[in-house]
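Q: Please give me a close look at a single part of this model, and then connect that part to its wider setting.

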Amino acid sequence: MSCLPAHLQIPQDLRFVKPSKAFVRSYGDALRLPSEKVRRLEQFTETILNLIITNSRSTSREVPIELELRTDGASLSLKFLNRGLPIFERDLRSTDVAIDSEDTFEFVNLGPQGQAFVSVLPIDPTEHPDLEAPLPETNPEEIEVRLMGVLEVDELAKLFFRVYGYRYINDWVYFPEKIRRKLEAQDMISLVASSPAGRHVGHVALVRFNTSPVVYDLGLGVVDPGLKSKGLFKRLLSESMDLISRTPMDYCIFDMVTNHLISQREVFNYPACVMCLNVGVQGSTTQASLKKLGIGTDAEDMDRYSILMAVRLGVPHPFGETVTLPPNLGEALDFLLTPLGVRWVPSSRFSSIPRTGSYQTKLDSIQKSVFFDLEAPGLDAVTSLIDDWKYYIRLGNLYGAVDVPLDQPGLGSAYERLCRAGFFLAGLIPYRHTGRLALRLQCLGPTRVSWENIKIHGAQANQLLQLVRSDHERNSLI
Ligand SMILES: CC(C)(COP(=O)(O)OP(=O)(O)OC[C@H]1O[C@@H](n2cnc3c(N)ncnc32)[C@H](O)[C@@H]1OP(=O)(O)O)[C@@H](O)C(=O)NCCC(=O)NCCS
């Protein structure tokens with residue numbers, strides 16, 4: 001554990017010597033240094049500041065003095081930067097700096113950058129405990145899994161910080177008032193795992209995506225790294241499955257990470273239908289680091305992470321019972337449609353694509369992803385969409401998805417044209433969270449996605465991975 005560096009900037013005025021000593025003392029105290037070491041730091045501060053300030057003349061008084069304290073866990077360094085009138089060896093000899101043999105004192109002439117006076121103190125790591133209060137030893141059996149109340153939202157933001165830092169993709173989790181509004185509107189039902197001391201140590205939620213039909217998404221699943229691998233996530237998911245069963249809904253969506261198998265294994269313990277594999281949809285920096293959490297290693301050859309989507313049905317045929325598809329797509333997607341209770345019938349070989357068509361575009365700038373909703377496939381729309389995608393790649397985007405409703409004429413032709421432009425299959429998605437299905441195609445910009453490191457659990461999901469991978473190999477232009 002290390003303490004963050006501390007910086008202070010003061011005018012060249014002797015009245016600032018005392019507060020500077022207090023600043024230095026606070027840093028030593030924060031590291032729980034023995035009082036003798038803290039006293040030496042204060043003395044060094046007083047000596048150097050007196051030297052710089054009394055040495056300076058009116059011409060250099062305009063320039064502030066900078067102090068910096070930092071530690072690497074084994075030593076502490078206190079640095080003063082003088083950018084006023086230069087001080088030389090002779091001036092230093094008149095002071096008592098470096099009289100203590102245990103500390104090293106260094107004078108560095110930085111030329112036009114000024115001069116640095118640095119004192120380095122060795123510190124004993126046992127004097128330097130972890131500043132973050134560790135999770136008290138908790139017996140997993142004492143942890144309660146229950147619905148979260150609206151007054152507990154601050155705790156949830158803290159839990160997400162502990163797991164993800166500030167990198168979590170749904171940034172509203174860092175705003176307690178936004179979480180509260182969702183809970184109050186019943187747009188979110190949260191389950192928390194709470195320690196006997198009232199600290200939130202795990203969470204999962206049903207977030208409502210649509211009210212007609214009723215569609216939820218199960219997500220926001222996290223467990224405090226201090227309580228990892230104690231079966232907490234398993235308990236949270238099993239309670240979520242009960243919650244899903246007793247909440248009236250048409251279907252529930254699961255978006256699962258593929259950098260580990262833990263969530264997929266747990267979710268696929270219950271009935272769920274695989275929908276699509278979004279390959280490289282998220283930047284690796286927005287994922288929780290497995291190494292940091294202590295639950296594995298992070299793939300090095302992976303700039304982008306993939307998300308596996310599945311649904312659990314709340315009613316028998318939420319997406320209808322039949323769909324008309326070109327035979328090549330029907331045959332390829334049959335293994336995804338059948339579990340959804342949807343049968344495909346072949347479309348006429350002569351169905352053609354309309355002339356114009358339309359699409360909408362949504363950008364996710366944090367993820368560098370672009371989502372095209374090809375609501376009405378048409379020749380002009382597909383051509384223009386492909387041109388747009390090339391433009392978005394030039395702007396630095398790395399993932400593009402196109403959703404084409406299965407019930408639209410021109411689907412087969414749009415698919416062929418998009419494949420020729422480098423798009424490949426992702427699978428199916430619930431179109432705009434309604435009772436309609438869409439084909440999802442995807443394309444990657446210049447980025448590294450290692451297929452070997454996409455972790456997939458279960459026969460149906462593995463079949464999808466093979467399909468997506470072979471479609472990528474066939475269509476990819478780069
Ligand atoms: C993934 C995460 C939720 C797991 O929480 P957890 O409470 O440690 O998991 P559990 O102890 O309940 O374990 C669930 C299953 O995963 C397995 N598992 C847990 N930790 C594991 C590890 N380090 N390596 C391999 N398997 C592990 C368990 O053995 C258990 O399987 P089993 O029933 O066959 O024994 C937690 O690490 C986390 O918050 N990660 C970051 C966020 C994240 O990835 N969320 C999921 C988004 S889809």
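**A loop residue and its setting**

A: K368 sits in the loop between β15 (358–364) and β16 (369–376); strands here are DSSP E runs of at least two residues, helices are H or I runs of at least four, and both are numbered from the N terminus. Residue numbers start from 1 along each chain as its sequence is written. The model is a predicted one, in which local features need pLDDT of at least 70 and side-chain atom pairs count only at pLDDT 80 or more, while totals for chains, interfaces and linings use all residues.

Let's begin with the backbone. K368 is not a glycine, yet its phi is positive, about 55°. Most residues other than glycine have a negative phi, and most peptide bonds are trans. K368 counts as buried because it has 21 C-beta neighbours inside 10 Å. The scale calls a residue buried if 20 or more other C-beta atoms lie within 10 Å of its own, exposed if 12 or fewer, and partly exposed in between, with C-beta atoms placed from the backbone.

Another backbone feature is the cis peptide bond between S212 and P213, with omega about -5°; P213 lies in the loop between β8 (200–211) and β9 (214–223).

The largest nonpolar core has 102 residues, and M275, A310, L385, V402, L428, L439 and L441 touch the most other members. Such a core is a set of buried Ala, Val, Leu, Ile, Met, Phe, Trp, Tyr and Cys residues joined through C-beta atoms within 7 Å. It lies between domain 2 (140–249) and domain 3 (322–475), because both give residues to it; the bounds come from an automatic or database domain assignment.

Setting aside residues within four places in sequence, A310 contacts F254, V267, A272, C273, V274 and M275, where contact means that the C-beta atoms, placed from the backbone, lie within 7 Å.

Not counting residues up to four places away in sequence, Y415 touches L329, L439 and L441. The C-alpha atoms of Y415 and R440 are 9.7 Å apart, although 25 residues separate them along the chain.

Confidence is highest in strand β18 (residues 424–431), at 98, and lowest in helix α3 (residues 89–93), at a mean of 72. Please treat residues 128–132 with care: the pLDDT there is below 50, and the stretch has 9 contacts in the model beyond near neighbours in sequence.

Terms used: Two residues are in contact if their C-beta atoms, placed from the backbone, lie within 7 Å. pLDDT is the predictor's confidence in each residue, from 0 to 100.
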